[in-house]
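Biologist: Could you walk me through how to read a few features of a model? I would like the general idea and then the case at hand.

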Amino acid sequence: MIMKRLTYLLVLAFLGCAFVATAQGFMLSGKMLDQGGTEPLIGVNVVLLRAADSTQVAGTTTDVNGDFQFERLRPGGYVLRATYVGYQTLNQAITLERADKNLGNIKLEQAALELQSVTVEGAQV
């Protein structure tokens with residue numbers, strides 16, 4: 001009888017630990033660099049969207065080293081969106097499975113700006 005209760009308690013404790021570990025979720029991280037891959041980009045807006053319906057799950061900005069991090073994420077499909085003034089918007093599909101994921105270095109491409117010519121005309125007064 002005592003052995004049966006002890007086994008029951010051990011199984012419950014094991015399941016409780018597994019539930020707590022799953023509830024904590026996973027981490028997603030990476031580093032935003034310029035297109036040359038040499039300079040970290042500070043203050044990039046990084047948003048994580050649910051792939052199924054594009055709802056925002058989390059958002060952050062990169063630190064002085066260009067690093068970003070999301071915590072407590074559930075497994076599933078996501079879209080990582082990064083925006084920065086003067087650079088093209090990045091949309092990257094990501095699948096989180098059963099472990100933390102580091103995306104490594106992500107290079108943002110500079111946006112090409114085409115300006116129209118301006119003609120200045122004047123008359124001497």
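**Burial, rings and contacts**

Modeller: Y87 counts as buried because its relative accessibility is 15%; buried means under 20% relative accessible area, exposed over 50%, and partly exposed in between, with a 1.4 Å probe and protein chains only. This is a predicted model, where local features need pLDDT of at least 70, side-chain atom pairs count only at pLDDT 80 or more, and totals for chains, interfaces and linings use all residues. Residues are numbered from 1 along each chain as its sequence is written, and side-chain values use heavy atoms, leaving out hydrogens and water.

Biologist: Is Y84 buried, partly exposed or exposed?

Modeller: Y84 is partly exposed, because its relative accessibility is 25%.

Biologist: How do I read a pair of aromatic rings?

Modeller: Look at the distance of the centres and the angle of the planes. Rings of Phe, Tyr and Trp (its six-membered ring) pair if their centres lie within 6.5 Å; planes under 30 degrees apart are stacked, over 60 edge-to-face, the rest tilted. That rule gives two aromatic pairs here. For Y84 and Y87, the centres are 5.5 Å apart and the planes at 45°, so this pair is tilted.

Biologist: Where does T62 lie?

Modeller: T62 sits in the loop between β3 (56-61) and β4 (67-73); strands are DSSP runs of E, at least two residues, numbered from the N terminus. T62 is buried, because its relative accessibility is 4%.

Biologist: Which backbone atoms lie by its side chain?

Modeller: A polar atom of the T62 side chain lies 2.8 Å from the backbone oxygen of L41, and one lies 2.9 Å from the backbone nitrogen of G43.

Definitions and conventions: Helix = DSSP H or I, 4+ residues; strand = E, 2+ residues; numbered from the N terminus. Polar contact = N/O pair within 3.5 Å; in protein donor to acceptor, adjacent residues only side chain to side chain.
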